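Dear colleague,

Please find below the structure that I am handing over to you. I would be grateful if you read the notes after it with the structure open beside them.

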Amino acid sequence: MKPFKKQTTPKKTKTPTPKPSSSQTAGYHHGNLREEVLEHSRKVLEKTGVSSLSLRDIASDLGVSHTAPYRHFPKKMDLLQALVAEGFRELALAMKRAWDSSEDPLTKVRKAGEEYIYLLLNNPRRTELMFGGEIYVSGDPLSDDLRECGNEAYMGMFRIVEYGQNQLVLKKSVPTATLMMSFWSGVHGFAVLNERKWKSIQSSEEEKKSFQKEVLQILEIMIEGTRL
């Protein structure tokens, strides 16, 4: 940029421009807008559903210009895919925790089931988007990030089941992908059917403990069906 030339005419007195408040400054100039949009969108999604998600409304809630979120998410489908990728990323981490939990194959499987059930129960609307919903029927191509995160989550559970088969604990007569899908379907179905129950018992520690025991019992029944 070239330097300004010296003015030869008297300077006009300018009316001072009011400085933006700290909240406005943060809204227009903070470097984590993408993450904040995702976090807020996740809350809106779980509270009121996907139809209530609006980039303009999110911008208003966060105190930024209406156009600011569009720099990161040009359209709503981009936001939905980012939310789904985030869900698969969390699921992949959950499967890693299950893998690291023990050397025992059945403990790994049990932990994987627990992790999956509670991840779904705490994020039911996002899970609906992850395994169905409008991102797969919209006609928009899936992002590379979403494909990569989804595959990583899938392989996390696949590796746990495969390990159990190789350790001669889980059935070898069934293909790994089929055995994994049987277990996955079971824990997914249990969580979906018990979503309302889980929400209704949050204020009661006693009921939550009872529910957690039920989860472990269900997992034992499922595991028993996959054992040699």
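This is a predicted model: local features need pLDDT of at least 70, side-chain atom pairs count only at pLDDT 80 or more; totals for chains, interfaces and linings use all residues.

In soluble globular proteins, nonpolar side chains tend to be buried together. Here the largest nonpolar core has 60 residues, and the members that touch the most others are L79, F88, L91, I117, V187 and F211. Two or more residues are given to this core by each of α2 (33-48), α3 (55-62), α4 (76-100), α5 (105-122), α6 (124-131), α7 (144-166), α8 (176-193) and α10 (205-224). The largest share, 13 residues, comes from α4. As for F211, leaving aside residues up to four places away in sequence, this residue touches Y118, L121, F190, N194, K197, W198 and I201.

Next comes the helix pair. How are α2 and α4 packed against each other? Their axes lie 10 Å apart, at an angle of about 85 degrees, which means that α2 is roughly perpendicular to α4. On the α2 side, the contact involves R34, V37, L38, S41, R42 and L45, which meet L79, A82, L83, E86 and E90 of α4. By type, the residues of this contact are six nonpolar, one polar and four charged.

Finally, an unreviewed UniProt entry lists residues 54-73 as "DNA-binding region". In the model, the chain over residues 54-73 is 40% helix and 0% strand, and its end C-alpha atoms are 11 Å apart.

With kind regards

Conventions:
Residues are numbered from 1 along each chain as its sequence is written. Side-chain values use heavy atoms; hydrogens and water are left out. A nonpolar core is a set of buried Ala, Val, Leu, Ile, Met, Phe, Trp, Tyr and Cys residues joined through side-chain atoms within 4.5 Å. Buried means under 20% relative accessible area, exposed over 50%, partly exposed in between (1.4 Å probe, protein chains only). Helices (H or I, at least four residues) and strands (E, at least two) are DSSP runs, numbered from the N terminus. Contact means heavy atoms within 4.5 Å. UniProt positions are given in the numbering used here, feature names are shortened, and annotations may be inferred rather than shown by experiment. Axes are lines fitted to C-alpha atoms, for helices over the stretch in contact, and angles run from 0 to 180 degrees between N-to-C directions. Angles under 35 degrees count as roughly parallel, over 145 as roughly antiparallel, 65 to 115 as roughly perpendicular and the rest as oblique. Ala, Val, Leu, Ile, Met, Phe, Trp, Tyr, Cys and Pro count as nonpolar, Asp, Glu, Lys and Arg as charged, and the others, Gly among them, as polar.
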